[in-house]
Amino acid sequence: MSHIQTFQVFPVIPEPLSFLQVLARNLWWCWHLDAIELFRRISPRLWDQSGRNPIVFSTLIPQEQLEKLSKDESFLAHQQRVKESFVSQVLSPVDRSGSPYGEQGVIAYFSMEYGIHESVPIFAGGLGVLSGDHLKASSDLALPLVGVGILYGQGYFHQYLDQDGWQQVEYPGTDLYHLPVKRAKDRSGNEISISVTGPDGEIRAIAWKLMVGRIPLYLLDTNLPENPPHIREITGRLYAGDPKTRLAQEVLLGIGGMRCLEAMEIYPVVCHMNEGHCAFAALERLAQTTSLYNVDLETAEEIVNRTTVFTTHTPVAAGHDEFPVDLVKPYFGSLTDRLGVTVDEILSWGQPVESGSGAPLSMLVLGLRMSQYRNGVSELHGKVARRMWSHVWPGRPEDEVPITHITNGVHIPSWISIENALLFQRYLGPEWYLHSWNTEIARRIDEIYDEELWRAREMSRSRLVRTCRSLMIKQYSRRNAPKAMMKDAESVLDQDILTIGFARRFATYKRADLIFKDPDRLEAMIGSKIRPVQFIFAGKAHPKDNEGKELIKSIIQFARRPGMRNRIIFLEDYDIHIARRLVQGVDVWLNTPRRPFEACGTSGMKAAANGVLNVSILDGWWCEGYAEGRGWHIGNGEEYADPAYQDSVDAQALYNVLENEVIPCFYERKNGDIPDQWLKMMKESIKMAMQRFCAHIMVSKYEALFYAPAAKSLPNLTSDNAKEAVSLSAQYKRLHALWDGIRIAHPVRETEDPFRVGERLVVTAVVTLGELRPDEVKVELYYGLLKAVDTISNSNSEEMTVKEDRGAGEYLYTCTIRCAASGRYGFTVRAVPRGDDRIRFAPGLITWA
């Protein structure tokens with residue numbers, strides 16, 4: 001049926017309760033427990049029934065109850081308290097004098113998904129939740145940031161299991177009237193609509209605005225009556241399976257997202273692209289920059305590159321999109337006219353070096369090439385990313401590939417249990433989460449009474465068990481399970497025993513089955529009469545990942561063994577709500593990825609903030625977070641070429657640490673009292689999460705290292721008819737044109753004798769610079785310990801100086817270094833450009849002796 005018009009009926013909100021409508025339409029409420037409790041106290045049952053969605057909740061409350069609440073002094077006092085916090089943290093003006101972003105400048109943050117709250121289903125997993133936490137922390141810090149994403153009509157799939165434990169999927173539609181969104185408008189009050197030219201005609205989209213505290217999130221939507229069905233489906237499902245739709249989504253996000261901002265006269269001073277999905281934003285920004293500043297493409301590149309941040313979030317190759325060139329070309333037609341280059345040249349920006357014009361377009365390569373600020377999301381991931389993408393900078397040593405790291409953090413108030421939150425408010429102060437990295441906070445955590453902290457832990461575990469029983473009853477009911485099984489579901493788990501949680505995407509490299517490698521040993525642990533253990537699993541496999549589905553099925557089958565039914569459970573349809581309950585309620589968070597494929601792993605941080613102890617492979621963030629006394633490591637960071645052998649070694653290490661350390665520590669109770677050593681470790685875990693892995697620290701690092709320097713450079717680049725950018729462009733072209741003329745002769749050392757510690761090595765080299773000058777080229781002595789015949793580890797570089805100008809572009813360079821430690825060293829000489837990172841690390845501009 002077509003041409004249906006719709007209307008929605010909402011209750012009449014009495015004037016004294018009018019603030020509830022304001023609060024419901026800003027997701028600020030979802031990370032403030034006092035605001036959540038304001039809704040919940042109206043009717044806990046209806047609050048849960050609504051999916052904790054204030055807009056849906058408002059339609060369920062009887063009109064008579066609203067009238068009664070409007071006269072309830074206690075409720076009105078609670079509402080006033082929340083309102084004062086909201087006004088202070090969201091509506092109060094921000095003093096931007098002296099800000100590197102100026103009075104109107106903004107940072108545009110692009111992501112394919114946002115996991116802000118379970119009631120806004122536009123996320124799939126870790127990337128989305130991280131993006132949501134980034135927006136929340138930016139709001140808390142009053143950062144001038146706007147988010148750009150897509151409003152998915154069906155979101156990511158919902159998961160349920162059949163009788164055999166095989167994953168099934170469904171895509172229920174999202175009701176726009178149940179989301180706190182409104183149409184985005186330009187400065188004249190006109191509703192925003194944009195279009196992008198695609199292979200099948202115009203892709204028209206409208207923009208919705210969703211407020212996350214102070215931060216506006218703009219979401220594009222092609223589900224319009226005037227669009228044909230295949231266009232409407234572009235924003236249907238997150239991470240669409242077919243490449244054509246996936247490409248259309250990424251074009252809409254990047255090119256459409258920048259056009260949406262332009263329609264509102266928002267010209268970002270900095271763009272932050274999360275993963276390759278967003279890389280097309282840089283192309284549209286190039287076109288906008290040429291027009292905005294009346295410059296050519298080469299000059300625009302100098303501006304855009306120096307004000308763009310690119311973050312890669314996974315070392316797994318399957319997570320990096322590549323598209324056949326024939327699929328991409330139709331989208332670039334309008335860009336060729338605006339940029340003044342051919343389609344093939346635009347494509348080449350996203351193709352690996354010497355891969356040929358027919359090579360697929362790599363979205364990650366495009367993102368790397370379009371940005372000056374690049375990072376992985378943990379220290380180890382930064383190292384892995386430098387190795388993976390070193391081919392983008394040929395000739396550059398791996399440890400100098402210009403990809404750094406900023407370790408992810410989590411928005412702690414979004415994940416903390418109410419019991420812990422009340423403890424922290426009492427001991428740390430009412431706004432503890434805004435200053436959690438303060439060393440004084442750490443001292444105060446140590447002052448929390450052990451009995452109070454343990455009581456909070458027991459209450460969180462008890463709530464988790466109740467939640468699991470309720471969810472298991474629903475799961476069995478949906479499968480029409482027999483009465484006996486339904487009865488069992490009412491008593492799954494024990495609220496007094498050691499509870500271990502494993503919840504994440506069911507990809508094979510995450511090894512959910514590692515704990516099942518020795519079934520007899522596992523059964524002995526679980527069935528112990530003295531020190532029993534129970535496990536809770538949750539997570540989704542990608543709809544096309546049958547290996548991941550097999551992992552889920554194997555867990556279900558194991559859980560049906562005699563004696564296991566009430567001690568191992570699998571929770572269907574893992575989402576933010578279930579995640580929140582798990583990281584608050586389990587005692588141990590288990591993480592068993594195959595190193596080094598876990599980029600970060602923020603779920604462990606959320607658990608740690610609640611006093612949950614991590615038991616993890618040394619991968620991702622745990623390489624930085626682990627220390628004795630705050631959790632346990634599985635193995636010692638070994639990496640083997642044979643996956644089966646790796647799994648065998650890691651499984652034995654896992655069983656050993658559980659049997660010999662974790663379980664005894666939990667059950668060590670002197671005179672039946674509380675577990676003193678466990679509580680000590682809980683406090684260390686909480687301090688670690690607050691001081692090192694909170695989202696406020698993460699966002700502050702992005703600002704200090706990337707956003708602020710990039711924003712400060714923009715006025716210099718664009719003022720006076722972009723004089724500085726024009727000059728940099730000319731120098732960039734000059735270096736590329738003349739670099740092949742550089743030649744470095746074999747370096748010569750002053751003496752061939754062995755050296756003693758403290759002595760000095762003098763090296764000279766004849767360098768031909770051709771038409772380039774010494775003030776344009778930096779000649780360096782590159783040296784370090786020999787790792788292999790042709791590999792230097794722990795490398796160092798020392799600038800060489802011109803000792804003699806021999807004319808015709810030939811120079812004798814010299815350098816002296818002190819031999820600081822014994823060992824076998826290697827050295828050579830190289831030439832690199834002088835300049836900022838954009839020039840110094842330009843691909844192809846490095847020459848070795």
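The notes below treat nonpolar cores, aromatic rings, a sheet, backbone features and individual residues.

The model is predicted: local features require pLDDT of at least 70, side-chain atom pairs count only at pLDDT 80 or more, and totals for chains, interfaces and linings use all residues. Residues are numbered from 1 along each chain as its sequence is written, and side-chain values use heavy atoms, with hydrogens and water left out.

**Nonpolar cores**

- A nonpolar core is a set of buried Ala, Val, Leu, Ile, Met, Phe, Trp, Tyr and Cys residues joined through side-chain atoms within 4.5 Å; buried means under 20% relative accessible area, exposed over 50%, and partly exposed in between, for a 1.4 Å probe and protein chains only.
- The largest nonpolar core holds 171 residues, and the members that touch the most other members are Leu23, Phe110, Leu261, Phe280, Trp349 and Tyr707.
- Helix α29 supplies the largest share of this core, with 17 residues; helices (H or I, at least four residues) and strands (E, at least two) are DSSP runs numbered from the N terminus.
- Another core, of 82 residues, lies apart from the largest one and includes Phe516, Phe570, Leu613 and Val657.
- In soluble globular proteins, nonpolar side chains tend to be buried together.
- Contact means heavy atoms within 4.5 Å. Not counting residues up to four places away in sequence, Tyr707 touches Tyr101, Ile107, Tyr109, His134, Leu143, Leu145, Val270, His272, Val309 and Tyr702.

**Aromatic rings and charges**

- Rings of Phe, Tyr and Trp (its six-membered ring) pair if their centres lie within 6.5 Å; planes under 30 degrees apart count as stacked, over 60 as edge-to-face and the rest as tilted.
- The structure holds 32 aromatic pairs. One of them joins Tyr109 and Tyr114 in a tilted arrangement, at 6.4 Å centre to centre and 55° between the planes.
- Both Tyr109 and Tyr114 are buried.
- The pair of Trp622 and Tyr626 is edge-to-face, because the ring centres are 5.7 Å apart and the planes stand at 65°. Trp622 is buried at 0% relative accessible area, whereas Tyr626 is partly exposed at 25%.
- One aromatic cluster is formed by Phe502, Phe506, Phe516, Phe535, Phe537, Phe558 and Phe570.
- A charge sits over a ring if NZ of Lys or CZ of Arg is within 6 Å of the ring centre and within 35 degrees of the ring normal. Lys540 lies over the face of Phe157, at 5.0 Å from the ring centre, and Arg669 lies over the face of Phe666, at 4.9 Å from the ring centre.

**An open antiparallel sheet**

- Four strands, in the order β25-β24-β28-β29, form an open sheet with antiparallel pairing; two strands pair if DSSP finds at least two bridges between them.
- β25 (791-799) and β29 (847-848) are the edge strands, each pairing on one side only.
- Nine bridges link β24 (residues 777-788) to β28 (residues 825-833) in the antiparallel sense, and Val779 has Ala831 in β28 as its bridge partner.

**Backbone features in loops**

- The peptide bond from Arg595 to Pro596 is cis, with omega near 5°. Pro596 belongs to the loop between β18 (588-591) and α25 (603-609).
- Leu493 is not a glycine, yet has a positive phi of about 70°. Leu493 lies in the loop between α21 (483-489) and β15 (498-503) and counts as buried, at 5% relative accessibility.
- Ala808, also a residue other than glycine, has a positive phi near 55°. Ala808 is placed in the loop between β26 (801-807) and β27 (810-818) and counts as exposed, at 83% relative accessibility.

**Two individual residues**

- Ser729 is located in helix α29 (residues 695-738) and counts as buried, because its relative accessibility is 3%. Leaving aside neighbours within four places in sequence, Ser729 is in contact with Glu298, Thr299 and Glu302.
- Arg806 is found in strand β26 and is partly exposed, with a relative accessible area of 39%.
- Leaving aside neighbours within four places in sequence, Arg806 contacts Val766 and Leu812.
- Arg806 and Ile568 are separated by 238 residues in sequence and by 78 Å in space, C-alpha to C-alpha.
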